[in-house]
Amino acid sequence: MHSPVFSPVTIGPVTLRNRVIRSAAFENMAYGNAPSQDLYDYHVAVARGGVGMTTLAYASVNRSGLSFDGQLWMRPEIVPGLKRITDAVHAEGAKCSIQLGHCGNMTHRATCGCMPVGASSGFNLYSPTFVRGLKAEEIDGLVEDFGKAVDLAREAGFDCVEIHAGHGYLISQFLSPYTNHRHDEYGGSLQNRMRFMQRVIRCVMEHAGSDMGVIVKMNMHDGFKRGMQRAECLEVARELERLGVHALVLSAGFVSKAPMEVMRGAMPIKTMAYYMDPRKFWWLQAFLHLAGRLVIPTVPYKEGYFLEDAKQFRRAVGLPLIYVGGLTSLAKMEEVLDAGFQGLQMARALVHDTDFVNKLRTGTATCSACGHSNYCIARMYTLEMKCNHCVENLPARLKREVEKAEKRWR
C-alpha cells in the first residue's frame, strides 16, 4: 500500500515507522495501579497490528492524581512491569509512549487517598465530593512529580511521554476559567492560568533531555460557554511551541462538563449503569437512569469530527501536530495528512480490531468496522476497555442499546 499513512515520521528524537499512533484512551487494565497481563497483551497486540507507536494511557504522576483503581500510578516498583511491555512493543517494531497526568478534582478520597485537590476549591459532581484548591507551595511538589515520572518512564524504556493538559484534568483545570478561580499568580489572566502548565512543561523538557520525545495533549476548546474558547487555546498552543515540545495532540471537551465533546455520539447509559457495582454505586445507577441524558448529552458523530477546528491550529503553529478524533478510514487519514498534520491518533478502531493498521496496509480493509456505539467507553469506567463484539453473552437490553447506536452513527 503506497500511502503517506505508512511513511515514517519523526517526533523530536524519535522516528516512527508510520504515522499511526494508538491514542491514550484509558484501558482500565492497571489493576491495583500497576501493569497487568491484560495491559501487556493489549498493547503488544496493537504493536503487532502495525501501529507506529502505542500509548499507555493516563498514568498518574502521584497518588493524589488517581481517578481509578485500574489506572497506572508512576512509582519505582512498577518500572519492571512497564519495561516488560516496552520491550515487547519494541520487539514488534513499534515505539512506545506513556501519557502522564494528574486528575485534579476528578476523583474521590477512597481512590486518591486524600481530599481531592484542584486549581480551586469547590464541589465536584463527578465523584461527588468536596475539592480543595492547591496551595502555592504544594505546586512545587507537583511539578517535581512530573519530572520524576519522566525519569521513571525513561527507566521503563518508553520512547516518548505525552503530557495530558486537556479534558478538564489538573493542568486543564488551571488553564480553564471555568475551574480556575484563583486570585494569586496562578489565576486571573491567561498568562497566569498558563503558569502551572509552563512550570510542568519546563520540568518535563529538562528531564526528557535529548533522547525522549515530548508530546502534549491539549484542548482546542472546552466545549461550553464558560470554558476556554479557541482564541485562548491558540495562545496555549503557541506557548507550548515556544517551550519546545515536540508535538501537540489536538483534542477538545471537558470530562466533568462536556464529556461527549471528546468522543462524540451518545453515551450508552444502560451499559454504563449495568457495569457499576450496585453495592457502591446504587445511587449513581439510579441517577443515570433518571437523568443520564441530561448530564451526558449526545453530540453528533461524524468521521474526522475535529478536523476543521484542528486546521486553524495548523495555520497558527509550526511544530508537528497529531490529529485525533474519529479516524476510521484510510481516505480520511490521508486527508488529514494532506492538510499538514504529521501524526494520526486513534483508539476505538484499535479496540475493535488490534490488527486494523496491518489490514489497511495490506489492502484487506479500507475502513474500521467499529460501529461508534461507545460501548467500550461506557464499560471502561468499571471494567477493562473492550469492544462489544468481543463480549460473550451480552445482555439483551445492552445489545439493543448498542444496535440502536450503531444504526444511528454508521
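This is a predicted model: local features need pLDDT of at least 70, side-chain atom pairs count only at pLDDT 80 or more; totals for chains, interfaces and linings use all residues.
Which residues in H7 meet which residues in H8? In this model, Met197, Gln198, Ile201, Arg202 and Met205 in H7 meet Val236, Glu239, Leu240, Arg242 and Leu243 in H8, where contact means heavy atoms within 4.5 Å. By class, the residues of this contact divide into 6 nonpolar, 1 polar and 3 charged, with Ala, Val, Leu, Ile, Met, Phe, Trp, Tyr, Cys and Pro counted as nonpolar, Asp, Glu, Lys and Arg as charged, and the others, Gly among them, as polar.

Residues are numbered from 1 along each chain as its sequence is written, and side-chain values use heavy atoms, with hydrogens and water left out.

Let me turn to the geometry of the helices, which are DSSP runs of H or I with at least four residues, numbered from the N terminus, as are strands, the E runs of at least two. Helix H7 (residues 195–208) and helix H8 (residues 230–243) pack at an angle of about 30°, with their axes 10 Å apart. That makes H7 roughly parallel to H8, a term for angles under 35 degrees, whereas over 145 counts as roughly antiparallel, 65 to 115 as roughly perpendicular and the rest as oblique. The axes are lines fitted to C-alpha atoms, for helices over the stretch in contact, and the angles run from 0 to 180 degrees between N-to-C directions. H7 passes H8 in a right-handed crossing, in which the near helix is turned clockwise from the far one by less than a right angle.

H7 also packs with helix H4 (residues 136–155), at an angle of about 30° and with the axes 9 Å apart. That makes H4 roughly parallel to H7, and the crossing of H4 and H7 is right-handed. On the H4 side the contact includes Ile139, Leu142, Phe146 and Arg154, and on the H7 side it includes Phe196, Val200 and His207. The residues of the contact of H4 with H7 divide into 10 nonpolar, 2 polar and 5 charged.

Grid points are joined across faces, edges and corners, and a volume is the space filled by probe spheres set on the points.

The largest pocket has a volume of about 1,600 Å³, and 48 residues line this pocket, with Leu125, Tyr126, Ser127, Pro128 and Leu284 nearest its centre. H11 gives the most to that lining, with 7 residues, and the lining divides into 25 nonpolar, 19 polar and 4 charged.

The structure holds 2 cavities of 30 Å³ or more. The largest cavity has a volume of about 580 Å³, and of the 36 residues that line it, the closest to its centre are Ala25, Lys217, Val262, Met263 and Ile377. The largest share of that lining, 3 residues, comes from H9.

The second largest cavity holds about 50 Å³ of space. Its lining includes Val236, a residue also found in the contact of H7 with H8.

Technical notes: On a 1 Å grid over the protein atoms alone, a cavity is a set of points where a 1.4 Å probe fits but cannot get out, and a pocket is an open set with protein on both sides within 12 Å along at least five of seven lines; lining residues have an atom within 4 Å of a point.
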